[in-house]
Amino acid sequence: MNASLFRPARRTELLAAGAATVTVVLWASAFVSIRSAGAAYSPGALALGRLLAGALTLGVICLVRREGAPPRSAWRGIVISGALWFGFYMVALNWGEQQVDAGTAALVVNIGPILIALLGARLLGDAMPPRLLAGMAVSFAGAVAVGLSMSGDGGSSVLGVVLCLMAAVGYAGGVVAQKPALGRASVLQVTTFGCLVGAVCCLPFAGQLVSEAAEAPASATLNMVYLGVFPTALAFTTWAYALARTTASRMGATTYAVPALVVLMSWLALGEVPGLLTLAGGALCLAGVAVSRSRAPKAAAPKTVPEPRPEKASDSV
């Protein structure tokens, strides 16, 4: 292969991997912030406040970069992903986590990457190589271990489990719908207008947001703003950048690194010392992500042996 052609492809792959890393780190940090903001804000109000902060941030960036509206061909994917992922997923997850313990929520929501792989193969024609399937199996086992270790004495209602399951379905559907839109519009356009669609879907909670913001402590409101600026505006943009350069299945598998990072951040920020099962589960999550994103070694090209040149009459003695 020509080295001049290999370098740009390698650079693109590294940038996509870096963008995915930024995404999973910020999404992991969101779980810590949600604990603070969720104590003062109801699920719908928290989702709306987060989306408004994210939409405002992205809107300013769009104005600075002079990004216009996305083309008509991209709107279907933007609207579906905005409604399912930015809107429905955030409300359902916030509500579900109030009904079940953190371990159960982590277990149920982590079927999302599996659903992404299945929908991606069915609707987008994504390949499902053995390494991807093996990595997802290892990561899911790790997520189960983390979830079991986090499950406390609190009860898990049927409503909470159903809400977390619906959140996982909304997440998977939103990712699969977003992928085609990224082929027709820019990353910033898809993310910004998807966030706006999600905010519009959450407008029925505007009254709750106003009333709760008047009584919420400043720390909870700041955490809500942080959720909008970083885990939403920045992380969803880096996600879309990486998704545009790989398959939905591989990106979904990458998010299995989130439980491991949540364990680490809870340890550092909240002083929650993880047990052996939690540490083992986090290690499995990271190992599975590494396997799922690795590439099978290419077989060496067979050496071609030149065919013997036929003798010419003049060559004979």
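A salt bridge is a side-chain nitrogen of Lys or Arg within 4 Å of a carboxyl oxygen of Asp or Glu. By this rule, one salt bridge is counted in the structure. The structure is a predicted model, in which local features need pLDDT of at least 70 and side-chain atom pairs count only at pLDDT 80 or more, while totals for chains, interfaces and linings use all residues. Residues are numbered from 1 along each chain as its sequence is written, and side-chain values use heavy atoms, with hydrogens and water left out.

**Stop 1: the whole chain**

Display the protein chain as a cartoon. Its secondary structure comprises 13 helices and zero strands; helices (H or I, at least four residues) and strands (E, at least two) are DSSP runs, numbered from the N terminus. Of the 317 residues, 45% count as buried, where buried means under 20% relative accessible area, exposed over 50%, and partly exposed in between (1.4 Å probe, protein chains only). Among contacts with a separation of 6 or more, 92% are between residues 24 or more positions apart; a contact means heavy atoms within 4.5 Å.

**Stop 2: the salt bridge**

Select Arg65 and Glu67. The side chains of Arg65 and Glu67 form a salt bridge, with 4.0 Å from N to O. In general, side chains of opposite charge can pair when their charged atoms come close. Is Arg65 buried or exposed? Arg65 is exposed, at 56% relative accessible area, whereas Glu67 is partly exposed, at 23%.

**Stop 3: Ser33**

Select Ser33, which lies in helix H1 (residues 3–37). Ser33 has a relative accessible area of 7% and is therefore buried. Which residues does Ser33 touch, not counting residues up to four places away in sequence? They are Asn223, Tyr226 and Leu227.

**Stop 4: helices H2 and H3**

Select helix H2 (residues 43–65) and helix H3 (residues 75–99), whose axes come within 8 Å and cross at roughly 140 degrees. The axes are lines fitted to C-alpha atoms, for helices over the stretch in contact, and angles run from 0 to 180 degrees between N-to-C directions. H2 is therefore oblique to H3, since angles under 35 degrees count as roughly parallel, over 145 as roughly antiparallel, 65 to 115 as roughly perpendicular and the rest as oblique. To view the contact, select Pro43, Gly44, Leu46, Ala47, Arg50 and Leu51 of H2, together with Phe86, Gly87, Met90, Val91, Asn94, Trp95 and Gln98 of H3.
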